[in-house]
Amino acid sequence: RCENLVEVYFQLQQQVMAASSELGPELLPRLLERFNEVLSSLVKSSFLVEKQPPQVLKTQTKFQASVRFLLGPRLLKATPKPYIVRADMVTEKQARELELSNYSNTLSESTGEILHNMVALETNPTSGNCCANFKNVLLKKIKRCERKGSESVTEEKCAVLFSTNVTLTPSNVSIHLQVLSLPIVVIVHGNQDNNAKATVLWDNAFSDIDRVPFVVAERVPWDKMCDTLNLKFMAEVQTTKGLLKEHYFFLAQKIFNDHSASPEDFQSRHVSWAQFNKEILPGRGFTFWQWFDGVLDLTKRCLKSYWSDRLIRGFISKQYVCKLLSMEPDGTFLLRFSDSEIGGVTIAYVMRGKDGSSQVENIQPFSAKDLSIRSLGDRIRDLGQLRNLYPNIPKDQAFGSHYNSEWGGPG
């Protein structure tokens, strides 16, 4: 704990001062200087962001954040006026320069205008915590910096820099405290939210702890990407039922545009940022992440209980569905996420053609709007051609607990 380290520091300092006559005029100043460096390092490392600002931050939208000074209650010198913590936007370049200077440099210019960005650093008498709580902050505007190559505004990372000047007791030393938030992507329109979330997800999942801000790998192992997608899915949908190996295989085929490789082949591959959220999927108008995020949103809003009951195969190709269902009895069906639309779920089922041969039909995908009008369970009950959920579960047995009233309702 920081408080314990500080106590040890003061004890050592007292011992050094007590032995000052024995240490001599050359060694004593060097020791005291080193002690001051250690104290400064301790104090600076105890200034932390307790509540991070939103990592996707829209201009003209209020947000909250807080910083905590762990050693404040022990070291802050009492003053008539409280110490003030200031919040400023900094670019990735500015964040890098601050990091490389070990936060000894101070910010020359903010990259955005933040309202209500100065808050008192106060010690709570009940908890004893020394905090500055930013409750009503608003990023009024952002000054975009020069971007690299084909980088879009939603790939541009910045951060909030929290800073203050305090005087320590009993040494009466003034010290400048600074700490950076996690990287932030600033957007001005809601339609940028999806791509901004991709930048944040990639950065959070694949950056090293000790890095130069905000450097992150351009390519990552596919198995790490699988872990990330699984954790994201379970967190967003709030389910304990994660993705399965068969789902990863389908997702690998989609992101690598490769239908000839085996699941084992994909395990040794690396996936790039471009494949994740820059390159448009073949024959589509959207990227892999935009499609996956649409599935997340749909499942979270309308399909959570169905997914958690494992009633939705979901991540499975149209071609593989045909292979699975082609030899099944009439009315056998399964549910998969639409390939052609963002945020759609479709039902594939077996029916007999006029010539007696079986064929697999796909019902037009249902969107979140469709399922808010009438739930998926009620739609399945409505469709007489659907009989058994693949492989052979009667639909009333599988979906009965999801049926609502005769007039339907949200799922």
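The second largest pocket holds about 380 Å³ of space. Here a pocket is an open set of points on a 1 Å grid over the protein atoms alone, with protein on both sides within 12 Å along at least five of seven lines, whereas a cavity is a set where a 1.4 Å probe fits but cannot get out. Grid points are joined across faces, edges and corners, and the volume is the space filled by probe spheres set on the points.

The model is predicted: local features need pLDDT of at least 70, side-chain atom pairs count only at pLDDT 80 or more, and totals for chains, interfaces and linings use all residues. Residues are numbered from 1 along each chain as its sequence is written, and side-chain values use heavy atoms, with hydrogens and water left out.

**Pocket lining**

- The second largest pocket is lined by 20 residues, where a lining residue has an atom within 4 Å of a point.
- Lys 254, Arg 284, Gln 319, Asp 339 and Ser 340 lie nearest the centre of this pocket.
- Two or more lining residues come from each of α7 and α11 (318-325); helices (H or I, at least four residues) and strands (E, at least two) are DSSP runs numbered from the N terminus.
- The largest share of the lining is given by α7, with three residues.
- The lining divides into five nonpolar, 10 polar and five charged residues. Ala, Val, Leu, Ile, Met, Phe, Trp, Tyr, Cys and Pro count as nonpolar, Asp, Glu, Lys and Arg as charged, and the others, Gly among them, as polar.

**α6 and α7**

- Helix α6 (residues 222-237) packs on helix α7 (residues 245-256) at an angle of about 115°, and their axes are 11 Å apart. Axes are lines fitted to C-alpha atoms, for helices over the stretch in contact, and angles run from 0 to 180 degrees between N-to-C directions.
- The two helices are therefore roughly perpendicular (under 35 degrees counts as roughly parallel, over 145 as roughly antiparallel, 65 to 115 as roughly perpendicular and the rest as oblique).
- From α6, Trp 222, Cys 226, Leu 229 and Asn 230 meet Tyr 248, Leu 251, Ala 252, Ile 255 and Phe 256 of α7, contact meaning heavy atoms within 4.5 Å.
- By class, this contact has eight nonpolar residues, one polar and no charged.

**α7 and α10**

- The axes of α7 and helix α10 (residues 288-308) cross at roughly 155° and come within 12 Å.
- That angle makes α7 roughly antiparallel to α10.
- The crossing of α7 and α10 is right-handed.
- On the α7 side the contact uses His 247, Phe 250, Leu 251, Lys 254 and Ile 255, and on the α10 side Phe 288, Trp 291, Phe 292 and Trp 307.
- Seven nonpolar, one polar and one charged residues make up the contact of α7 with α10.

**α5 and α10**

- Helix α5 (residues 193-206) packs on α10 with axes 10 Å apart, at an angle of about 100°.
- That makes α5 roughly perpendicular to α10.
- Asn 194, Asn 195, Lys 197, Ala 198 and Leu 201 of α5 touch Trp 289, Gln 290 and Asp 293 of α10.
- The contact of α5 with α10 has three nonpolar, three polar and two charged residues.

**Backbone details**

- The peptide bond joining Pro 213 and Phe 214 is cis, with omega about -20°; Phe 214 is in the loop between α5 and β11 (219-221).
- Another cis peptide bond runs from Tyr 390 to Pro 391, with omega near 5°; Pro 391 lies in the loop between β16 (388-389) and β17 (393-394).
- Gln 238, a residue other than glycine, has a positive phi near 60° and sits in the loop between α6 and α7.

Key
Left-handed = near helix turned anticlockwise from the far one by under 90°.
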